[in-house]
Amino acid sequence: MTTYKEIFGKPIKVLSSDPTDAGAEGQIWYNSTLGSFRSVVAVGSWSAGGNLNTARYGGASSGTETAALLSGGNTLPGGSDSPTGATEEYGGTSWTAGGSLSTARYSSGAFGVQTASLITGGDNRPPGSAYLTTTENYNGSSWTSGTAYPVAITNSAGFGTTTAGVIAGGGTPSSAPGVTTTTEYSGGSWTSGGALPLLRRWSGTSGTATAGLIFLGQTPPNVMANTDSYNGTAWTAEAAANTKRTGWYGGNMGSGTQTSAMMAGGWTPFTPNPTETERYDGSSWSTGPALASGIEYNSGGGSFSSGITTGGRAPGVVTTTQEFNTSIYSPTAATWASGGDLNKARSQLASAGSQTANVAFGGGDNSFEANESEEYNGTSWSEGNNLNTGRTALAGFGIQTAAVGFGGRAAPNFTTTTAKSEEYDGTSWSEGNDLNTARYELAGAGILTAGLAFGGSPTATLTETYDGTSWSEVNDLSTGRRGLSGAGTQTAALAIGGVASPGNTTAVEEFGGTSWTSGGALPVATQAAAASGTQTAALNYFGSAPGRVTTTLGYDGTSWSTRPNGATARNGLAGSPGGTNTAALASGGDSPPTYSNKTEEFTGEIPALGYKTISDS
C-alpha cells in the first residue's frame, strides 16, 4: 500500500498546535494537544457585499458574482405592488445604475450575462392588470424590444445565453398555479422544448440550454425540493434538495452549471427569512454555510464555490447583498461586543484615539456637566482632568495622548456657539488658538499637528486645517451640513452624512488636502453617527436615520456595504477617530428615555485557516 510519505515525500509531522500559514493547505499533521490528525481544506463563507441602490424583491438576475445584472422587481412590502424598471450592474464590489427597462416588472424570467441579457414576462401591476409577454434585450447599457414570449407568464425560471436560452415553468392566466412548459430561445425566436415532469413556478436554475438544471419552487399548494436536469430535449429527475423552499433566488448567474449549483434564502412556510444554503455537485445536495442574515424572495445565483444573493425581504424590502466565496480561510465574523461603561452618561460628546486608547470629552446630560473627560484603556474608563470650557456638540481628532477638541455649544447655558480649541497631552487640557469661525455639530479628522475641521452650524460648508498651532480656512464642502461624522487624515478625509436642508443627507465627500470631491453615497440618509478608519477603509455607525439606529456600514473608498449591527440604538455618540475599520469604539449618546453610558467595541472579520479533523469514519 502506498504511504503518505511515498506520495508527498515527507512523513506526517507531530505538532503541539496547528500551523497558521497558508502552506498548510492539503498537508496532514498530528496535533498532539488535540490528539487527532488535522489538515487545512477550502471552505465556503458568506460576507457582506455592496448594497443595491434601489431596495426590491422579485428582481430578475443574470451574469456572474463579479459581473451581475439585476433588473426590475417589486419595491413595496407584501400585499402591495410597485414594479420598478431599475437595472443595476455589480462589479464585485458595488452596484451602479444601468439602463432602465422600458416596461417596469417583477417576477420575470431572465438569462444571459451582464453585457448580453434577456428578460421576459413578469407582472407589472399596477398599472397593468395582466401578466406580460414583453421581452427586452440588454446590451450592457440599454434595453431594446425583443420577440414576445408566446404566452403571458410570470414567476418563470431561465438559464442559458441570449443566443441559446431556456425559460421553464411559471404561471399563466389560464394556469396561475404553474405550468410544465419549457420554451427555448435561439436569438430571435421562441420554440417549444421538452415538458417539465411537474408543473412548477418560483424555481431556481443553473446551467446552459443543453445542460441545464431547475430546482425547488412550488407546485401549489406545495413547496417542493425537486431537482430536474435538461439536456436540450428532455428533463430527467435528479436528487432532491434537503429543504423545501421557493422564492426567486437561483436565477441563472452564469457561474453555475448543471453539476455545480447553489441556492440560499428563498421562502419556506416553516421558517421566516431562512438562512440555509445548499450546494449541488451534480449528484446530491449538501448543506452549505448559513447566510449572515436571513432573506426571502431574494435574487441571485451561483455555483458550488461562488455566488451572490441580493435584494429580497427580511421582512421589509432590503438593499442587502451577500457574497459567497470558497477559500482555505474560514473567517470569524465581525461583531460588536460590550465594553466598559462611561462613568458619566452623556450625549453630543467628542473623542480622539483608538479602540484601546481613547479619550472622550464634553457632552451633556440633563444637568449639563459638559466638561467631563475620560480615558479608555480597552477595558474600562477612568476620570481624567476636565476640559477648560464645558460644551456639547463639539468635535475632536488625534490620539489619546495628543488630542484636539474644538467648537461646540458652551457653558453655562449651552446656547452659545464657541470657537474654542483645546489640546490634550494625556494628562490635562490646555487652551489653543480658536477656530476662525465658531460652530457646533461639526466633524474632524487627523492628528494634533495635521488636523481638519469641517461642516457644522451655522457655517455648514466651512473647512479649516490645523497645524498644531493655528487654524486656516481652505475650500468648502460641496454639501453644507451639520451633525455629520468624519474619518481619515488631513489630506485624505471623509465627510459622512449629516443634516442638510431639508433633512438628513446621504452625501459623502472626500478631501484630498486641498478640495472636496463626491464619494460613494450612504445607502440611507443618516446624521449624528460616529465613524472610524481611513478614507478608503472606514466605518460609519449608529446615529439617526431618522429614528435612532444600530446600523453599521463599511466604506472601501467607492461604496458602502453592511456590517453587523450594534446593540444599543443611539445618536450623538463618540467614535474612535484614531481607530480603524476593524477596531472601532462607540461610546455614550442619546438613547431615550435616557442618556447612555454604554460602550461597544467593534471587531472586524478575522481571517483564520479552515482546519479539519480527519477521522477514519
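## Strands that pair

Two strands pair if DSSP finds at least two bridges between them. In this predicted model, β53 and β56 pass that test because 5 bridges join them. The two strands run antiparallel. β56 covers residues 599–603. Within the pair, A586 stands opposite E600 of β56.

Both strands belong to an open sheet of 3 strands, in the order β27-β56-β53. The pairing is antiparallel. β27 (335–338) and β53 (583–587) are the edge strands, and each pairs on one side only. From one strand to the next, the twist averages 25°.

## The largest nonpolar core

The largest nonpolar core has 11 residues. Among them are F397, F406, L442, Y466 and W471. Two elements give two or more residues to this core: β33 (395–399) and β34 (402–406).

## Salt bridges

Side chains of opposite charge can pair when their charged atoms come close. The count of salt bridges here is 16.

One of them joins D18 and R38, with the closest N and O atoms 2.6 Å apart. D18 sits in the loop between β1 (13–15) and β2 (28–31), while R38 is in strand β3, 20 residues apart. Both D18 and R38 are buried. Another links R245 and E278, at 3.9 Å from N to O. R245 and E278 are also buried.

A further salt bridge joins E374 and R346, at 3.0 Å from N to O. E374 lies in strand β30 and R346 in the loop between β27 and β28, so the pair ties together parts that are 28 residues apart in sequence. E374 and R346 are both buried.

Note on methods. Residues are numbered from 1 along each chain as its sequence is written. This is a predicted model: local features need pLDDT of at least 70, side-chain atom pairs count only at pLDDT 80 or more; totals for chains, interfaces and linings use all residues. Side-chain values use heavy atoms; hydrogens and water are left out. A nonpolar core is a set of buried Ala, Val, Leu, Ile, Met, Phe, Trp, Tyr and Cys residues joined through side-chain atoms within 4.5 Å. Buried means under 20% relative accessible area, exposed over 50%, partly exposed in between (1.4 Å probe, protein chains only). Helices (H or I, at least four residues) and strands (E, at least two) are DSSP runs, numbered from the N terminus. Axes are lines fitted to C-alpha atoms, for helices over the stretch in contact, and angles run from 0 to 180 degrees between N-to-C directions. A salt bridge is a side-chain nitrogen of Lys or Arg within 4 Å of a carboxyl oxygen of Asp or Glu.
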